[in-house]
Amino acid sequence: MIDVAAQVMWDWSQWAAPLSERWWQETLCSVLVGVACGVLGCFVVLRRMALIGDALSHAVLPGVVIAFMLTGSTGIAGLFLGALIAGITTALLIRFVSQHSRTKEDSAIGIVFTAFFALGVILISSMGRGTHFDLKCFLFGDPLAVGRQDLIMMSVVAPIVILTIVALYHPLRLASFDPTVAAAMGMSVAKLHYLLMGLLSATVVAGLKTTGVVLVVAMVITPASAAYQLANRLWSMLLLSAAFGAVAAAVGMSVAFVTNSPTGPAMVLVATLIFALTMIFSPRHGLAMQAVRRWRAARHFHSEDVLKSVYNLSEQPGALCAVEDVARRTGLSVGRVGRLAAELKGRQLLDETEGQLRLTEAGRRQAIEMVRSHRLWETYLADRARIEADEIHAAAERLEHAHELADEIAQTLGHPSHDPHGEVIPPPESRGPNP
Amino acid sequence: MKPDAMATVAAEAGGPHAGAPPVSVRGLTVSYGDRPVLRSVSLDVPARQVVGVVGPNGAGKSTLFRAILGLIPADSGTVRLFGAPVEEGRARVAYVPQTEAVDWDFPVTVFDVVLMGRYPRLGLWGRPRAADRRAAAEALERVGILEYKNRHIRQLSGGQQQRVFLARALCQEADLLLLDEPFGGVDAATERAIFDLIDRLASDGKTLIVINHDLSVLDRFDLLVLLNQQVIAFGPPAQVATEENMRRTYGGRLTLLDRAEAALRERTTP
C-alpha cells in the first residue's frame with residue numbers, strides 16, 4: 001500500500017497535476033468523447049446493436065496500425081482514414097458472411113471483428129521495438145498520449161455527432177422505434193443505419209487514445225443503459241446519457257491521470273457505477289423501489305390475513321383472540337402479527353389489549369369481504385378454471401386479496417350461496433352479525 | 001383540412017391516375033429464400049371498400065402487405081398504388097403493424113408515436129409544427145384516447161395500445177389504410193370501437209384492407225380475400241365465404257405445388 005501511494009506521489013510530481021493546462025486539455029477531450037458516445041449509445045441500445053458497436057471499435061485496430069506503417073506517424077488524419085476503411089470493410093464482411101453461410105448475424109459479427117482485432121495485434125507485434133507505436137495506449141487509452149491534436153479532432157467530431165442527432169431526431173426516432181413503418185413511409189432506413197454506424201466509427205477513432213478500442217463500447221452502451229432506466233422520452237434519455245457519459249469520462253480521466261493508469265478501464269468503472277446506481281434507485285424500474293413495492297404489498301396482504309384470522313378465530317362478534325393464535329393461523333411470527341395489529345389499530349379496524357385482539361365493526365366488515373372473496377374465488381377456481389380440489393384453497397389464499405373483483409365473480413357464477421367446501425358465501429351487503 | 005379540400009388534394013395527388021384502384025396487384029410472386037410465400041397473386045381493390053384478408057398462419061397475409069408497401073422484393077409481378085408505382089403511391093398509404101411487433105419499452109409517449117404519422121409530410125430534415133401537433137391531437141381524439149396522450153406507451157391497456165397505432169395512421173391522412181390484425185388481443189368493446197372507426201373512415205372515402213383472424217366477423221367487410229399463398233377467392237362475403245372456399249383456404253392438405261417445391265428444395269440444398 002505504501003509503495004502504491006509512493007508511486008502515486010511520484011507520478012503526481014513527475015507529471016502534470018490536476019487543474020493544470022494539460023489536465024484541462026485531456027479532461028475536455030474525454031468529456032467530448034463521453035458526450036458523443038452517450039448520445040450515439042442511446043440509439044445503439046434502443047436498436048439492440050451493442051455487439052456491432054463492439055465489433056466496429058475492435059475492428060478499427062488493424063486499420064490504424066496499417067495507416068501507421070504506411071505513413072510512419074501517429075498523425076490523426078492518417079489513422080482516421082485507416083480506421084474508416086477498416087470499419088467499412090468489417091461491416092461489408094459481416095454482411096457477406098451472414099448472407100453466404102449458415103452463420104447467424106451475431107456469430108458473423110463475432111468472427112469478423114475478432115479476426116480483425118487479432119490481425120491488428122499481430123501487426124503491432126511484428127513492428128520493431130524502436131517504433132513509436134504504443135499498443136497499450138490504443139488498446140486501453142492513456143491520459144498522457146492525449147494531445148492537442150486529439151482535442152482538435154474531438155472538437156470537430158463531437159459537434160458533428162450532436163448536430164446530426166438533433167437535426168435527424170424525428171426520423172431517427174421513427175426508424176429506431178418502428179423500422180418497418182418508417183420504410184413503408186418511404187424512409188431510407190438502411191441509410192440512417194449506416195449513418196449511425198459511420199458516426200460511431202468516427203467517434204471511436206477520434207477518441208482512440210482517450211478510451212482505447214477494447215473498452216470503448218462500454219462508454220457507448222453503459223451510460224445509455226443507465227439513462228434508459230430513468231427516461232420515458234427519447235430526448236430525456238439522450239440528455240441523461242450525454243451527462244452520464246461526460247461525468248464518467250471526466251472522472252475516469254482524472255483518476256487515470258492522477259494514478260497514471262490506463263483511462264479506458266477507469267472511465268468504464270465510473271460508468272458502471274452510475275449504471276449500478278440507476279439500476280438500484282430508478283424510481284420506476286429500480287431494484288430498491290421494487291423491494292419497497294414488494295414489502296408494501298406483503299404488509300397489505302398480511303394485514304388482511306390478520307383481519308381474516310381474527311374473524312375466523314372469534315366465536316362471536318366482538319370476541320377476543322390471542323396474538324399467538326393469529327400468528328399460528330397465518331403462519332406469521334408473533335412479533336410481525338403484533339406490529340400489523342398495532343397498524344390495524346391505528347386504522348381503527350382492530351382493538352388490542354394485552355395481546356388480545358378484537359375486530360371493530362369496520363374491521364369485521366373488511367374481514368367478511370375477505371371471507372366472501374376467498375370463497376368466491378374457490379368456487380370460481382373449481383367451476384371455471386377446473387383446478388383440483390386440493391389446490392383451490394392455496395390458490396384462493398392468494399387471489400382473495402383481489403377482493404375488488406368479488407362482485408364480478410359472483411355475477412359471473414350466478415351468485416352462488418355456498419363454496420365447494422359447503423361453506424356459506426356471505427352476501428355482498430352482509431353487514432350484520434355472523435350467522 | 002376539410003373533407004372537400006382533402007378530396008381535391010387526393011385528386012391532384014392522383015393526377016392522371018385519379019380513377020385507378022387504390023391497390024392493383026398483378027401476378028405477384030414472393031419467396032423467402034427458396035420458400036414461396038405468395039404465388040401469382042392478382043387483386044384489384046376498389047376505392048372506398050373495407051376489404052378483409054383471411055387465411056391460416058403462413059398464408060402470406062403479412063407478406064402481401066409488405067409487398068404492397070414495397071418492403072420486400074417480388075420474384076415477379078407488379079404492384080401499383082392509385083395507378084402509380086409503389087414509390088410514388090406510398091405517400092397515400094398508412095400501415096398499422098401488429099402490436100406484437102412493437103417495442104413497448106421504447107422511450108416514447110402516446111403523443112410521440114402519433115406524431116410519427118406526420119413524417120411523410122415533413123421529410124428527413126423537417127420538424128413537426130403546430131399544425132402537425134394539432135393533427136396528432138385530433139387523431140387521438142377520434143380514437144378516444146386523447147386523455148392519455150402524455151403517457152408512456154407501456155402504461156396502456158391492449159385496446160388502447162392498438163388505438164395509438166390507428167391514431168398514427170389517421171394522422172397520416174392517407175387514402176388507403178393497411179391494418180395488420182387490429183383485433184389481436186383487444187376486448188369485445190375495443191373490437192366494436194375499431195369496427196366503428198373503420199366504417200367511419202370508409203364513409204369518409206378511405207379504402208381499408210384488414211388482416212383478420214376472427215372468422216365470426218367476416219360479414220362486417222365489404223369484400224373478402226381468402227388467401228393461402230394464392231388468392232382462393234375474392235368478392236363479397238356472402239358469395240365468397242362458402243364452406244368449400246373456407247375448406248380450400250384452411251385445409252391442411254399439401255397441394256401438388258407444395259410437394260413439387262419440397263422435391264425441388266431437396267435437390268438444390270445439400
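Predicted model: local features only at pLDDT ≥ 70, side-chain atom pairs only at ≥ 80, totals over all residues.
Me: How many residues does helix H7 of chain A have, and what span does it reach?

Reply: Compare the reach of a helix with the span expected at 1.5 Å a residue. H7, residues 148-167 of chain A, has 20 residues. From first C-alpha to last it reaches 29 Å, close to the expected 28 Å.

Me: Which residues of H7(A) are buried?

Reply: Buried means under 20% relative accessible area. In H7(A), the buried residues include A:Leu151, A:Met154, A:Val157, A:Val161 and A:Ile165. Down the axis, the buried residues of H7(A) fall within an arc of 165°, so they line one face of the helix. On the other side, A:Arg148, A:Ile152 and A:Leu163 are exposed.

Me: What covers the buried residues of H7(A)?

Reply: Look for the neighbours. Among them are helix H2 (21-46), helix H4 (76-99) and helix H13 (234-259) of chain A.

Me: Now the domains. Into which domains is chain A divided?

Reply: Domain 1 (28-285), domain 2 (298-359) and domain 3 (369-435).

Me: How much area do domain 2 and domain 3 of chain A bury between them?

Reply: Buried area is what two parts lose on being put together, summed over both. Here that is about 740 Å², with 52% of it on carbon and sulfur atoms. In domain 2 of chain A, A:Glu304, A:Lys308 and A:Tyr311 lose the most area to domain 3, together 64% of what that side buries.

Me: How many salt bridges does the rule find across this interface?

Reply: Two, between domain 2 and domain 3 of chain A. As for A:Lys308, its side chain meets that of A:Glu400 in a salt bridge, 2.8 Å from N to O.

Key
Residues numbered from 1 in each chain as written. Chains lettered and ligands numbered in written order. Heavy atoms only, no water. Helix = DSSP H or I, 4+ residues; strand = E, 2+ residues; numbered from the N terminus. Expected span 1.5 Å × (residues − 1). Buried < 20%, exposed > 50% of the residue type's maximum accessible area, 1.4 Å probe, protein only. Arc of directions from axis to C-beta. Contact = heavy atoms within 4.5 Å. Domains from an automatic or database assignment. Buried area = accessible area lost by both parts, 1.4 Å probe. Salt bridge = Lys/Arg side-chain N within 4 Å of Asp/Glu carboxyl O.
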